[in-house]
Amino acid sequence: MSAPGENLRIDSARLWDSLMQMAQIGPGIAGGNNRQTVTDADAEGRALFKRWCDAAGLAMGVDKMGTMFMRREGTDPEALPVYIGSHLDTQPTGGKYDGVLGVLGGLEVIRTMNDLGIKTKHPIVLTNWTNEEGARFAPAMLASGVFAGVHTLDYAYGRKDLEGKTFGEELARIGWVGDEEVGARKMHAYFEYHIEQGPILEAEEKTIGVVTHCQGLWWLEFTLTGKEAHTGSTPMAMRVNAGLAMSRIFEMVQEVTMAAQPDAVGGVGQVTFAPNSRNVLPGKVVFTVDIRTVDQQKLDGMRDTIEARAADICAELGVGCAVERVGHFAPVTFTPELVGRVRAAAEKLGYTHRNIVSGAGHDACWAAKVAPTTMIMCPCVDGLSHNEAEDISPEWAAAGTDVLLHAVLETAEVVE
(Lines give C-alpha, C1' and ligand atoms only; values in the text may rest on other atoms or scores of the structure.)
Protein backbone atom coordinates (compact mmCIF):
# COMPACT_ATOMS: atom_id res chain seq x y z
CA MET A 1 0.00 0.00 0.00
CA SER A 2 1.31 3.44 -0.90
CA ALA A 3 -0.12 6.92 -0.49
CA PRO A 4 -1.58 8.45 -3.65
CA GLY A 5 0.66 11.01 -5.34
CA GLU A 6 0.09 14.75 -5.40
CA ASN A 7 -1.00 14.56 -9.05
CA LEU A 8 -4.20 12.73 -8.05
CA ARG A 9 -7.06 15.23 -8.33
CA ILE A 10 -10.83 15.12 -8.71
CA ASP A 11 -12.74 16.27 -11.81
CA SER A 12 -13.46 19.90 -10.95
CA ALA A 13 -15.86 20.49 -13.85
CA ARG A 14 -17.92 17.41 -12.99
CA LEU A 15 -18.19 18.47 -9.33
CA TRP A 16 -19.31 21.96 -10.30
CA ASP A 17 -21.84 20.62 -12.78
CA SER A 18 -23.33 18.42 -10.07
CA LEU A 19 -23.62 21.37 -7.70
CA MET A 20 -25.40 23.42 -10.35
CA GLN A 21 -27.80 20.60 -11.22
CA MET A 22 -28.76 20.09 -7.57
CA ALA A 23 -29.27 23.86 -7.21
CA GLN A 24 -32.06 23.67 -9.80
CA ILE A 25 -34.15 21.70 -7.29
CA GLY A 26 -35.94 23.86 -4.74
CA PRO A 27 -34.84 27.19 -6.20
CA GLY A 28 -35.03 30.24 -4.00
CA ILE A 29 -36.20 33.67 -5.08
CA ALA A 30 -32.79 35.35 -5.25
CA GLY A 31 -30.43 32.80 -6.77
CA GLY A 32 -30.14 30.38 -3.87
CA ASN A 33 -32.23 27.47 -2.64
CA ASN A 34 -35.28 26.69 -0.54
CA ARG A 35 -35.03 22.92 -0.16
CA GLN A 36 -36.10 22.54 3.44
CA THR A 37 -36.06 19.16 5.09
CA VAL A 38 -38.76 16.57 4.27
CA THR A 39 -40.49 18.80 1.74
CA ASP A 40 -41.33 17.82 -1.82
CA ALA A 41 -38.18 19.63 -2.94
CA ASP A 42 -36.12 17.59 -0.47
CA ALA A 43 -37.63 14.41 -1.91
CA GLU A 44 -36.74 15.53 -5.42
CA GLY A 45 -33.16 16.30 -4.38
CA ARG A 46 -32.86 12.91 -2.72
CA ALA A 47 -34.08 11.19 -5.89
CA LEU A 48 -31.47 12.94 -8.03
CA PHE A 49 -28.73 12.08 -5.54
CA LYS A 50 -29.85 8.44 -5.55
CA ARG A 51 -29.72 8.30 -9.36
CA TRP A 52 -26.17 9.61 -9.30
CA CYS A 53 -25.17 7.11 -6.61
CA ASP A 54 -26.81 4.25 -8.51
CA ALA A 55 -24.77 5.22 -11.56
CA ALA A 56 -21.62 5.17 -9.41
CA GLY A 57 -22.39 1.61 -8.31
CA LEU A 58 -23.25 2.45 -4.71
CA ALA A 59 -25.65 0.39 -2.60
CA MET A 60 -28.21 2.39 -0.62
CA GLY A 61 -29.36 1.95 2.95
CA VAL A 62 -31.87 4.27 4.65
CA ASP A 63 -32.56 4.48 8.37
CA LYS A 64 -35.77 5.39 10.18
CA MET A 65 -34.75 9.06 10.21
CA GLY A 66 -34.51 9.03 6.43
CA THR A 67 -30.74 9.39 6.39
CA MET A 68 -29.26 7.98 3.17
CA PHE A 69 -26.14 5.78 3.32
CA MET A 70 -24.54 5.01 -0.06
CA ARG A 71 -21.87 2.28 0.15
CA ARG A 72 -18.84 1.54 -2.01
CA GLU A 73 -17.42 -1.85 -1.06
CA GLY A 74 -13.89 -2.40 0.18
CA THR A 75 -11.70 -5.44 -0.25
CA ASP A 76 -12.04 -6.50 3.39
CA PRO A 77 -15.66 -7.40 4.24
CA GLU A 78 -14.82 -7.22 7.95
CA ALA A 79 -13.33 -3.71 7.86
CA LEU A 80 -15.46 -0.87 9.23
CA PRO A 81 -16.38 1.77 6.63
CA VAL A 82 -14.96 5.25 6.27
CA TYR A 83 -17.91 7.66 6.14
CA ILE A 84 -18.12 10.92 4.21
CA GLY A 85 -21.18 13.01 4.99
CA SER A 86 -23.11 16.24 5.11
CA HIS A 87 -26.65 17.30 4.10
CA LEU A 88 -28.80 18.28 1.13
CA ASP A 89 -31.46 20.24 3.04
CA THR A 90 -31.24 24.03 3.08
CA GLN A 91 -32.47 27.08 4.93
CA PRO A 92 -35.66 28.77 3.63
CA THR A 93 -33.40 31.35 1.98
CA GLY A 94 -30.28 29.21 1.75
CA GLY A 95 -27.33 29.02 -0.58
CA LYS A 96 -26.31 26.42 -3.14
CA TYR A 97 -23.30 25.08 -1.22
CA ASP A 98 -24.02 24.84 2.52
CA GLY A 99 -24.07 21.09 3.18
CA VAL A 100 -24.54 20.22 -0.48
CA LEU A 101 -20.82 20.68 -1.21
CA GLY A 102 -19.96 18.04 1.38
CA VAL A 103 -22.37 15.47 -0.07
CA LEU A 104 -21.53 16.07 -3.72
CA GLY A 105 -17.83 16.47 -2.93
CA GLY A 106 -18.02 13.02 -1.36
CA LEU A 107 -19.75 11.72 -4.49
CA GLU A 108 -16.96 13.20 -6.61
CA VAL A 109 -14.38 11.41 -4.45
CA ILE A 110 -16.08 8.12 -5.23
CA ARG A 111 -16.49 8.94 -8.92
CA THR A 112 -12.76 9.71 -9.11
CA MET A 113 -11.93 6.41 -7.41
CA ASN A 114 -14.16 4.62 -9.92
CA ASP A 115 -12.52 6.40 -12.86
CA LEU A 116 -9.07 5.32 -11.73
CA GLY A 117 -9.98 1.86 -10.49
CA ILE A 118 -8.81 2.65 -6.96
CA LYS A 119 -9.63 -0.04 -4.40
CA THR A 120 -9.58 0.41 -0.64
CA LYS A 121 -9.48 -2.05 2.24
CA HIS A 122 -12.29 -0.23 4.06
CA PRO A 123 -15.66 0.38 2.44
CA ILE A 124 -16.59 4.02 1.90
CA VAL A 125 -20.10 5.22 2.78
CA LEU A 126 -21.44 8.52 1.49
CA THR A 127 -24.09 9.99 3.80
CA ASN A 128 -26.90 12.50 3.38
CA TRP A 129 -28.10 13.30 6.91
CA THR A 130 -31.74 14.35 7.32
CA ASN A 131 -32.61 17.75 8.79
CA GLU A 132 -29.19 19.15 9.52
CA GLU A 133 -30.40 22.73 9.27
CA GLY A 134 -33.13 22.64 11.90
CA ALA A 135 -34.85 25.54 10.11
CA ARG A 136 -38.18 23.76 9.79
CA PHE A 137 -37.92 21.30 12.70
CA ALA A 138 -35.70 22.26 15.64
CA PRO A 139 -33.17 21.24 16.74
CA ALA A 140 -30.52 21.27 14.05
CA MET A 141 -28.56 18.10 13.23
CA LEU A 142 -31.63 16.10 14.20
CA ALA A 143 -30.94 12.80 12.40
CA SER A 144 -27.28 12.67 13.34
CA GLY A 145 -28.32 13.48 16.90
CA VAL A 146 -30.61 10.44 16.98
CA PHE A 147 -27.80 8.39 15.39
CA ALA A 148 -25.43 9.41 18.18
CA GLY A 149 -27.99 8.69 20.91
CA VAL A 150 -28.48 12.33 21.85
CA HIS A 151 -32.17 12.29 20.91
CA THR A 152 -34.72 9.49 20.80
CA LEU A 153 -36.55 8.55 17.62
CA ASP A 154 -39.88 9.42 19.25
CA TYR A 155 -38.58 12.87 20.18
CA ALA A 156 -37.47 13.47 16.60
CA TYR A 157 -40.72 12.22 15.07
CA GLY A 158 -42.70 14.51 17.36
CA ARG A 159 -40.94 17.76 16.45
CA LYS A 160 -43.35 20.28 14.92
CA ASP A 161 -42.90 23.02 12.35
CA LEU A 162 -44.62 26.40 12.50
CA GLU A 163 -47.71 24.92 10.83
CA GLY A 164 -47.99 22.18 13.47
CA LYS A 165 -46.89 19.39 11.14
CA THR A 166 -44.68 16.75 12.74
CA PHE A 167 -41.35 15.60 11.40
CA GLY A 168 -42.39 11.94 11.48
CA GLU A 169 -45.54 12.56 9.46
CA GLU A 170 -43.73 14.64 6.87
CA LEU A 171 -40.89 12.12 6.51
CA ALA A 172 -43.48 9.43 5.83
CA ARG A 173 -45.39 11.68 3.44
CA ILE A 174 -42.38 12.14 1.16
CA GLY A 175 -41.66 8.39 1.28
CA TRP A 176 -38.26 8.35 2.96
CA VAL A 177 -38.77 6.36 6.17
CA GLY A 178 -36.15 3.61 5.99
CA ASP A 179 -36.06 0.33 7.84
CA GLU A 180 -32.60 0.55 9.44
CA GLU A 181 -32.41 1.17 13.18
CA VAL A 182 -30.87 4.59 13.70
CA GLY A 183 -27.33 4.39 15.05
CA ALA A 184 -26.82 0.69 14.33
CA ARG A 185 -23.99 1.41 11.90
CA LYS A 186 -20.38 1.48 13.08
CA MET A 187 -17.78 3.81 11.61
CA HIS A 188 -14.02 3.49 11.17
CA ALA A 189 -13.87 7.28 10.66
CA TYR A 190 -16.07 10.17 9.59
CA PHE A 191 -15.11 13.09 7.31
CA GLU A 192 -17.23 16.15 6.56
CA TYR A 193 -16.40 18.80 3.98
CA HIS A 194 -18.15 22.18 4.26
CA ILE A 195 -17.95 25.83 3.34
CA GLU A 196 -16.56 27.91 6.18
CA GLN A 197 -19.71 30.04 6.67
CA GLY A 198 -17.41 32.77 7.95
CA PRO A 199 -14.89 35.28 6.56
CA ILE A 200 -11.55 34.08 7.94
CA LEU A 201 -10.21 31.88 5.13
CA GLU A 202 -11.00 34.35 2.37
CA ALA A 203 -9.65 37.31 4.37
CA GLU A 204 -6.36 35.49 5.02
CA GLU A 205 -6.22 34.06 1.48
CA LYS A 206 -6.18 30.46 2.71
CA THR A 207 -7.67 27.76 0.52
CA ILE A 208 -8.18 25.03 3.13
CA GLY A 209 -9.53 25.21 6.65
CA VAL A 210 -8.15 22.42 8.84
CA VAL A 211 -10.93 22.18 11.41
CA THR A 212 -9.65 21.38 14.88
CA HIS A 213 -12.74 22.17 17.00
CA CYS A 214 -16.42 23.08 16.77
CA GLN A 215 -18.14 25.59 19.01
CA GLY A 216 -20.73 24.41 21.48
CA LEU A 217 -24.27 25.74 21.21
CA TRP A 218 -27.45 26.37 23.14
CA TRP A 219 -30.76 27.22 21.48
CA LEU A 220 -33.18 28.66 24.04
CA GLU A 221 -36.77 29.00 22.81
CA PHE A 222 -38.64 31.64 24.80
CA THR A 223 -42.43 31.85 24.93
CA LEU A 224 -43.57 35.18 26.37
CA THR A 225 -47.23 35.61 27.29
CA GLY A 226 -48.76 39.07 27.52
CA LYS A 227 -52.27 40.40 26.96
CA GLU A 228 -53.66 41.21 23.54
CA ALA A 229 -54.93 44.78 23.56
CA HIS A 230 -55.58 47.68 21.20
CA THR A 231 -52.38 49.65 20.59
CA GLY A 232 -54.28 52.93 20.35
CA SER A 233 -56.64 52.77 23.30
CA THR A 234 -54.66 50.88 25.97
CA PRO A 235 -52.77 53.23 28.33
CA MET A 236 -49.03 52.61 28.44
CA ALA A 237 -49.03 51.94 32.18
CA MET A 238 -51.80 49.34 31.84
CA ARG A 239 -50.22 47.18 29.15
CA VAL A 240 -48.87 43.63 29.56
CA ASN A 241 -46.58 43.92 26.57
CA ALA A 242 -44.84 40.72 25.51
CA GLY A 243 -43.23 42.61 22.63
CA LEU A 244 -41.56 45.06 25.00
CA ALA A 245 -40.23 42.18 27.11
CA MET A 246 -38.87 40.57 23.98
CA SER A 247 -37.01 43.73 22.95
CA ARG A 248 -35.41 44.06 26.38
CA ILE A 249 -34.34 40.42 26.27
CA PHE A 250 -32.74 40.98 22.84
CA GLU A 251 -30.67 43.82 24.25
CA MET A 252 -29.78 41.76 27.30
CA VAL A 253 -28.55 38.86 25.11
CA GLN A 254 -26.22 41.32 23.35
CA GLU A 255 -24.89 42.55 26.69
CA VAL A 256 -24.30 39.05 28.05
CA THR A 257 -22.53 37.94 24.88
CA MET A 258 -20.27 40.99 24.78
CA ALA A 259 -19.37 40.42 28.43
CA ALA A 260 -18.32 36.86 27.52
CA GLN A 261 -15.74 37.91 24.94
CA PRO A 262 -13.51 36.70 23.39
CA ASP A 263 -14.78 33.79 21.28
CA ALA A 264 -18.48 33.99 22.15
CA VAL A 265 -21.46 34.86 19.96
CA GLY A 266 -25.17 35.24 20.56
CA GLY A 267 -28.28 36.54 18.86
CA VAL A 268 -31.85 35.92 17.72
CA GLY A 269 -32.79 34.86 14.21
CA GLN A 270 -36.43 33.79 14.48
CA VAL A 271 -39.43 35.56 16.05
CA THR A 272 -43.17 34.92 15.81
CA PHE A 273 -45.83 37.34 17.11
CA ALA A 274 -49.45 36.48 17.78
CA PRO A 275 -51.80 37.75 16.53
CA ASN A 276 -49.24 39.71 14.48
CA SER A 277 -51.60 42.57 13.69
CA ARG A 278 -50.55 46.19 13.30
CA ASN A 279 -52.85 47.58 15.97
CA VAL A 280 -52.85 44.73 18.49
CA LEU A 281 -50.30 44.31 21.23
CA PRO A 282 -48.99 40.73 21.04
CA GLY A 283 -50.48 38.24 23.43
CA LYS A 284 -47.73 35.76 22.64
CA VAL A 285 -44.18 36.06 21.35
CA VAL A 286 -41.95 33.08 20.57
CA PHE A 287 -38.27 33.47 19.68
CA THR A 288 -35.05 31.50 19.87
CA VAL A 289 -31.81 32.75 21.39
CA ASP A 290 -28.71 31.18 19.79
CA ILE A 291 -25.49 31.30 21.85
CA ARG A 292 -22.15 29.66 21.00
CA THR A 293 -18.59 29.41 22.26
CA VAL A 294 -15.77 26.86 22.39
CA ASP A 295 -15.69 26.79 26.20
CA GLN A 296 -18.35 24.64 27.89
CA GLN A 297 -18.21 26.47 31.23
CA LYS A 298 -18.59 29.84 29.52
CA LEU A 299 -21.41 28.48 27.33
CA ASP A 300 -23.41 27.20 30.30
CA GLY A 301 -22.75 30.42 32.20
CA MET A 302 -24.16 32.49 29.35
CA ARG A 303 -27.23 30.27 29.24
CA ASP A 304 -27.88 30.54 32.97
CA THR A 305 -27.43 34.31 32.96
CA ILE A 306 -29.74 34.84 30.00
CA GLU A 307 -32.47 32.64 31.45
CA ALA A 308 -32.30 34.35 34.86
CA ARG A 309 -32.24 37.89 33.51
CA ALA A 310 -35.06 37.14 31.07
CA ALA A 311 -37.22 35.94 33.95
CA ASP A 312 -36.50 39.17 35.84
CA ILE A 313 -37.34 41.32 32.81
CA CYS A 314 -40.65 39.56 32.30
CA ALA A 315 -41.56 39.64 35.97
CA GLU A 316 -41.07 43.41 36.04
CA LEU A 317 -43.50 43.79 33.11
CA GLY A 318 -46.02 41.22 34.32
CA VAL A 319 -45.32 39.05 31.27
CA GLY A 320 -45.29 35.26 31.47
CA CYS A 321 -41.97 33.66 30.57
CA ALA A 322 -41.30 30.02 29.66
CA VAL A 323 -38.07 28.71 28.14
CA GLU A 324 -37.34 25.41 26.44
CA ARG A 325 -33.80 24.32 25.66
CA VAL A 326 -34.54 23.12 22.12
CA GLY A 327 -30.98 22.59 20.91
CA HIS A 328 -27.60 21.87 22.42
CA PHE A 329 -24.26 20.34 21.69
CA ALA A 330 -21.06 20.57 23.64
CA PRO A 331 -17.85 21.99 22.16
CA VAL A 332 -16.12 19.34 20.06
CA THR A 333 -12.43 18.52 19.67
CA PHE A 334 -11.90 16.62 16.44
CA THR A 335 -9.65 13.53 16.27
CA PRO A 336 -6.01 14.72 16.09
CA GLU A 337 -4.89 11.87 13.82
CA LEU A 338 -7.53 12.70 11.22
CA VAL A 339 -6.91 16.44 11.57
CA GLY A 340 -3.26 15.70 10.87
CA ARG A 341 -4.15 13.78 7.71
CA VAL A 342 -6.18 16.71 6.41
CA ARG A 343 -3.31 19.09 7.11
CA ALA A 344 -0.79 16.76 5.48
CA ALA A 345 -2.99 16.37 2.41
CA ALA A 346 -3.28 20.14 2.01
CA GLU A 347 0.47 20.50 2.27
CA LYS A 348 1.17 17.64 -0.18
CA LEU A 349 -1.21 19.17 -2.72
CA GLY A 350 0.30 22.64 -2.30
CA TYR A 351 -2.80 24.37 -0.93
CA THR A 352 -2.51 27.18 1.57
CA HIS A 353 -4.20 26.29 4.84
CA ARG A 354 -4.76 27.24 8.46
CA ASN A 355 -6.31 25.72 11.56
CA ILE A 356 -9.85 26.90 12.16
CA VAL A 357 -12.67 26.46 14.67
CA SER A 358 -16.11 25.90 13.19
CA GLY A 359 -18.52 28.59 14.31
CA ALA A 360 -21.51 26.61 13.05
CA GLY A 361 -22.82 23.25 14.15
CA HIS A 362 -22.50 20.28 11.81
CA ASP A 363 -23.44 16.61 11.75
CA ALA A 364 -19.76 15.98 12.46
CA CYS A 365 -20.38 17.33 15.97
CA TRP A 366 -22.64 14.36 16.74
CA ALA A 367 -20.61 11.87 14.67
CA ALA A 368 -17.65 12.73 16.89
CA LYS A 369 -19.49 11.12 19.80
CA VAL A 370 -19.43 7.71 18.11
CA ALA A 371 -16.39 7.68 15.79
CA PRO A 372 -13.07 9.37 15.01
CA THR A 373 -14.12 12.51 13.15
CA THR A 374 -12.80 15.59 11.43
CA MET A 375 -13.84 18.34 9.01
CA ILE A 376 -12.40 20.22 6.05
CA MET A 377 -13.49 23.73 5.06
CA CYS A 378 -13.18 25.93 2.00
CA PRO A 379 -13.70 29.70 1.86
CA CYS A 380 -16.96 31.40 0.95
CA VAL A 381 -17.26 34.91 -0.49
CA ASP A 382 -17.49 37.57 2.23
CA GLY A 383 -18.08 34.77 4.76
CA LEU A 384 -21.74 34.78 3.73
CA SER A 385 -23.94 31.73 4.40
CA HIS A 386 -27.58 30.98 5.27
CA ASN A 387 -28.26 33.53 2.55
CA GLU A 388 -29.20 33.12 -1.11
CA ALA A 389 -26.16 35.20 -2.06
CA GLU A 390 -23.82 32.55 -0.61
CA ASP A 391 -21.00 31.95 -3.10
CA ILE A 392 -17.79 29.98 -3.61
CA SER A 393 -15.48 29.49 -6.58
CA PRO A 394 -15.07 26.27 -8.56
CA GLU A 395 -11.40 26.33 -7.60
CA TRP A 396 -12.19 26.46 -3.88
CA ALA A 397 -14.73 23.66 -4.22
CA ALA A 398 -12.22 21.46 -6.06
CA ALA A 399 -9.32 22.13 -3.69
CA GLY A 400 -11.22 21.00 -0.61
CA THR A 401 -12.49 17.95 -2.45
CA ASP A 402 -8.93 17.08 -3.47
CA VAL A 403 -7.92 17.23 0.18
CA LEU A 404 -10.94 15.13 1.12
CA LEU A 405 -9.98 12.54 -1.50
CA HIS A 406 -6.42 12.16 -0.21
CA ALA A 407 -7.38 12.11 3.49
CA VAL A 408 -10.11 9.52 2.85
CA LEU A 409 -7.85 7.30 0.76
CA GLU A 410 -5.17 7.30 3.45
CA THR A 411 -7.76 6.38 6.07
CA ALA A 412 -9.54 3.76 3.95
CA GLU A 413 -6.15 2.23 2.97
CA VAL A 414 -5.57 1.96 -0.76
CA VAL A 415 -5.00 -1.59 -1.99
CA GLU A 416 -2.46 -2.05 -4.81
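Which residues in helix 1 meet P394, A397, A398 and T401 in helix 12? I began my notebook with this, keeping in mind that I was looking at a predicted model.

**Entry 1: helix 1 and helix 12**

I found that S12, L15 and W16 are the residues of helix 1 that meet P394, A397, A398 and T401 in helix 12. Sorting this contact by class, I noted five nonpolar residues, two polar ones and no charged ones. Helix 12 covers residues 394-412, and I looked up its packing against helix 1, which is at an angle of about 110 degrees with the axes 9 Å apart. Angles of 65 to 115 degrees count as roughly perpendicular, and I therefore wrote down helix 1 and helix 12 as roughly perpendicular to each other. I also recorded that helix 1 passes helix 12 in a right-handed crossing.

**Entry 2: helix 1 and helix 3**

Next I turned to helix 3. Helix 1 spans residues 12-23 and helix 3 spans residues 100-116, and the two pack at an angle of about 140 degrees with their axes 10 Å apart. I therefore described helix 1 and helix 3 as oblique to each other, and noted that helix 1 passes helix 3 in a right-handed crossing. On the helix 1 side I listed R14, L15, S18, L19 and M22, which meet V100, L101, L104, G105, E108, R111, T112 and D115 in helix 3. By class, this contact of helix 1 with helix 3 has six nonpolar, three polar and four charged residues.

**Entry 3: helix 1 and helix 2**

What is the angle at which helix 1 and helix 2 pack? I read off about 150 degrees for helix 1 and helix 2 (residues 40-55), whose axes are 10 Å apart. The residues that make the contact are S18, Q21 and M22 of helix 1, together with G45, L48, F49 and W52 of helix 2. In my class list for helix 1 with helix 2 I put four nonpolar, three polar and no charged residues.

**Entry 4: the annotated stretch and a sheet**

I then consulted the UniProt record, an unreviewed entry, where the annotation "domain: Peptidase M20 dimerisation" covers residues 215-314. Over residues 215-314 I noted 37% helix and 35% strand, with the end C-alpha atoms 30 Å apart.

In what order do the four strands of the open sheet lie? I traced the order as 10-12-8-13, with antiparallel pairing. The edge strands are strand 10 (264-274) and strand 13 (320-329), each of which pairs on one side only. From one strand to the next, the twist averages 15 degrees.

Helix 8 (residues 242-259) lies across strand 8, strand 10 and strand 12 (284-293), and it runs at about 170 degrees to strand 10. Helix 9 (residues 296-317) packs on the sheet and touches strand 8, strand 10, strand 12 and strand 13, with its direction making about 10 degrees with that of strand 8.

**Entry 5: backbone details in loops**

Where is the place of P139? I located P139 in the loop between strand 5 (124-128) and helix 4 (142-147), and the peptide bond from A138 to P139 is cis, with omega near 5 degrees. I found another cis peptide bond joining Q261 and P262, where omega is about 5 degrees, and P262 sits in the loop between helix 8 and strand 10.

For phi, I noted Q197, a residue other than glycine with a positive value near 65 degrees, in the loop between strand 6 (189-195) and helix 7 (200-203). I also noted N276, which is not a glycine and yet has a positive phi of about 60 degrees, and which I placed in the loop between strand 10 and strand 11 (280-281).

Key
Residues are numbered from 1 along each chain as its sequence is written. This is a predicted model: local features need pLDDT of at least 70, side-chain atom pairs count only at pLDDT 80 or more; totals for chains, interfaces and linings use all residues. Side-chain values use heavy atoms; hydrogens and water are left out. Axes are lines fitted to C-alpha atoms, for helices over the stretch in contact, and angles run from 0 to 180 degrees between N-to-C directions. Angles under 35 degrees count as roughly parallel, over 145 as roughly antiparallel, 65 to 115 as roughly perpendicular and the rest as oblique. A crossing is left-handed if the near helix is turned anticlockwise from the far one by less than a right angle, and right-handed if clockwise. Contact means heavy atoms within 4.5 Å. Ala, Val, Leu, Ile, Met, Phe, Trp, Tyr, Cys and Pro count as nonpolar, Asp, Glu, Lys and Arg as charged, and the others, Gly among them, as polar. UniProt positions are given in the numbering used here, feature names are shortened, and annotations may be inferred rather than shown by experiment. Two strands pair if DSSP finds at least two bridges between them.
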